[in-house]
Amino acid sequence: MTKKKAGFNFWERNRLSNGYLLRKRITKYGVAILRAILLFGLCFLILQPVLNKISVSFMEERDLYDPVVISIPKHFTIGNYKIASDPLIMDYSNSLVHSIVVSLTIAILQIAMCTLVGYGFARFQFPLKKVWFALVILVIIIPPQTISSSLYLHFNFFDIFGIIKATTGSPLNLRNSPIPYYLISAGCMGLKNGLYIYMVRQYFRNIPVDLEEAAYIDGCGTLKTFIRIMLPQAKPIITSCFLFAFVWQWTDGFYSKLFFQSISLVSTSLSRIVASLGVYIGRAQGTVQAQLTVARSNQILSTGTLMIVFPVIFLYLFAQRAFVESIASTGIKM
Amino acid sequence: MKKQKKLAGLQKRKAISGYIFILPFILGFLLFMLKPMIDSLIMSFQNVELKGSEENIRTFIGMENYRKAFRVDPDFTRLLTEELIRLVVYTLAIIVFSFFISLVLNQEFKGRSVVRAVFFLPVILSSGVILGLESNNQYMAAMQSSVENSVSGISVSAAVESILKTMDIGGAVFDKVFEVIDNIYDVAMASGMQIIIFLSGLQTISSSMYEAASIDGCTRWESLWKITFPMISSLFLVNWIYTVVDFCMRSDNQVITKIQNEMTSKLQYGPASAMSWIYFLFIIAFVGITSFFISKVVYYND
């Protein structure tokens, strides 16, 4: 506590400073304690639902009715996980593989395109640049739900200027195939793609132009300069955008429901997990759909949620720095 | 005004390569944004009948869909006003909360990186389908409300609220404040990104500014308002827009749910488009007006 300094102890020094030292120290520790309480409380607030879900997922149903059991299960079981990963309910192993493949390809496609576009906006002067960039902002603002009704019909009766109808006789129904979503991603119109363009552009704008000019003088073309000189420098922002794209695609329900009906993804199977369990139990009982108790549906929902967020949390633990720091480094401004 | 001059040589080549770089965006925008938007705008003035795999029958009915949305539909106007009020209250709350938290997180203390990681966790955990999963489940919602009813007697905010009510202080504004305090969880879950953006701004302010101010006799409180606030005021605009947009796209947004329900289960494409356009115009107007006023007070250092 009291450090020896120049022969005086803390109280003597305090007396010499007319009580200033004591006051200062009290304020310092007071602030630290208040801050610790506040932050602990808020962190607990954020983490508590996750912890609660973990404990509920390991309980048997009767534990939930037991007033003595709060967070530590009395009858420990992993049955919930077994049920949730059943092919009829979440089909976990299959949908996990599907989700990984879909999220990876979509994220790579989106980020590749968004990096190109972001670089174009950051470094080149061309006519109507402001207009196009305003449209990027517009894309950020428009909720995809606004256009979903016409998107729905658009891909239900897909046609490019009547070419397909002229050749095959009827328009293509692409709604239940993932092709349109890959096209949308390639066109930078996927989930939150405007945001990635914006972030990448900000990042490139902060890199000095000297390197590129040197490359141009040495006879490097535009594309070659971009790939050889600028891309290696933009690694942090690309990594973080990629992680965001991956995670948001992983949990996305909107586009998944629209385009990935034919294969099971973790996000879509989670959103109907309670109903699936009802059907599953109902089939065992010989009825159409069994009514689940509140406790049961709570349990299966918690288990399902944990199973879908677990890979993401795992990713976050390793790439936490990439998620947080790179946003800080872009220096977002308006 | 800049003089319009003909681009030549290197400039022209650069302009062309610029367009090549943003070509994916242009194509994507025209095909997957502009076309559906125009389409849905047209559809909102039409009666759309689905005919299996055949072409749909569309008949022009003027403003009928809009009239229906406002005058006939029992829920839409109510949901729209509720959602817009919620939007205003929560965006304000989120901005204030995240600014406050980022000020705290910008201080030096042990375990800071862990706390930061925890506060950022909601960006990942409460996205997409996970958010609103529990409120979609009616049993869970029923249970939650019964729990809320049973604990509301013992919460601190309820006690303070009742004291203020008996003192006749309060009214609609206080009700909203208490509502936000009771739902601080939702606010904390929605402000992960905003905290990080504010933090990034706070770290760019050089400490010499604070030092100079404190030598001149400026207290911490004064330097918060005179230095910190103006220096990161542009980030308020960014965060404001981000929060509004994020709020509009949440899957537990009732207007969106209503529109989707109208479209997928009732197959009412015309009215659904009309509703989404009404909603969209309201949001755009809101974002436009508020960011105009915020940008008036934003201070740019450069």
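User: In this predicted model, is A:Asn18 buried or exposed?
Analyst: The model is predicted, so local features need pLDDT of at least 70 and side-chain atom pairs count only at pLDDT 80 or more, while totals for chains, interfaces and linings use all residues. Residues are numbered from 1 along each chain as its sequence is written, chains are lettered from A and ligands numbered from 1 in the order in which they are written, and side-chain values use heavy atoms, with hydrogens and water left out. Buried means under 20% relative accessible area, exposed over 50%, and partly exposed in between, with a 1.4 Å probe and protein chains only. Because its relative accessibility is 67%, A:Asn18 counts as exposed.

User: Which value is phi of A:Asn18 near?
Analyst: A:Asn18 sits in the loop between helix H1 (10-16) and helix H2 (20-57) of chain A, helices being DSSP runs of H or I with at least four residues and strands runs of E with at least two, numbered from the N terminus. The residue is not a glycine, yet its phi is positive, near 55°.

User: What is the relative accessible area of A:Leu128?
Analyst: A:Leu128 lies in the loop between helix H5 (92-123) and helix H6 (129-141) of chain A, and its phi, near 65°, is positive in a residue other than glycine. A:Leu128 is exposed because its relative accessible area is 53%.
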